[in-house]
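Me: Please take a close look at the strands of this model and how they pair. I would like one connected account.

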Amino acid sequence: MGSIVTMKCGECGYEQEHFLGAGMMDYQDFGRNRTKRDILRGVYGEEVRKALEKNPKANVYRSNDLFYCECCGMHTSKSSVRLFKTKKFLWRRKSVLLISSVHVCERCQKEMIRIEENKCSGLSCPQCKAPLKIFSGGCWD
Ligand SMILES: [Zn+2]
Ligand SMILES: [Zn+2]
């Protein structure tokens with residue numbers, strides 16, 4: 001299940017709601033196959049497409065992640081994917097991250113930084129740079 005996060009700025013009134021994480025569909029074969037098709041169509045960029053072509057058996061995870069631009073301070077939630085390969089590691093199997101999709105800031109064309117869900121606090125307002133207040137708004141699936 002994904003979580004809904006609302007960010008509010010007490011100074012200028014900026015407000016943004018983000019649907020983060022993964023939904024029910026993303027954990028089912030139907031959703032995973034759809035994600036794989038999207039990757040092969042190039043929806044998540046050329047690098048990810050090539051990685052899946054090379055590793056057709058890779059595990060694919062799609063989720064809405066929060067991205068932050070260091071340049072202009074903008075943040076946005078984007079559908080993004082991660083590819084994992086299972087490798088034998090001594091006596092057990094281990095998932096190794098092959099690649100994760102990247103996003104580019106619409107304003108600056110710079111690569112954005114992925115923010116983990118539990119690290120939303122400490123972000124500042126993209127309009128006035130005041131610290132943002134983060135509210136948890138429940139779950140979505
Ligand atoms: Zn503000
Ligand atoms: Zn930017």
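Reply: Leu66 stands opposite Ile115 in strand E6. E6 covers residues 113-115 and runs antiparallel to E3, to which three bridges join it. Strands here are DSSP runs (E, at least two residues), numbered from the N terminus, and two strands pair if DSSP finds at least two bridges between them. This is a predicted model, in which local features need pLDDT of at least 70, side-chain atom pairs count only at pLDDT 80 or more, and totals for chains, interfaces and linings use all residues. Residues are numbered from 1 along each chain as its sequence is written, while chains are lettered from A and ligands numbered from 1 in the order in which they are written.

E3 (residues 59-68) also pairs with E4 (residues 75-89), in the antiparallel sense and over 10 bridges. Within that pairing, Arg62 has Val81 of E4 as its bridge partner. The hairpin of E3 and E4 has six residues between the strands, and Gly73 takes a positive phi near 85 degrees there.

Elsewhere, three strands form an open antiparallel sheet in the order E2-E1-E7. E2 (15-20) and E7 (132-140) stand at the edges with a single partner strand each, so one side of each is left without a neighbour in the sheet. From one strand to the next the twist averages 20 degrees; axes are lines fitted to C-alpha atoms, for helices over the stretch in contact, and angles run from 0 to 180 degrees between N-to-C directions. E1 (residues 2-9) pairs with E7 in the antiparallel sense over seven bridges. In that pairing, Val5 has Ser136 of E7 as its bridge partner.

Conventions. Helix = DSSP H or I, 4+ residues; strand = E, 2+ residues; numbered from the N terminus.
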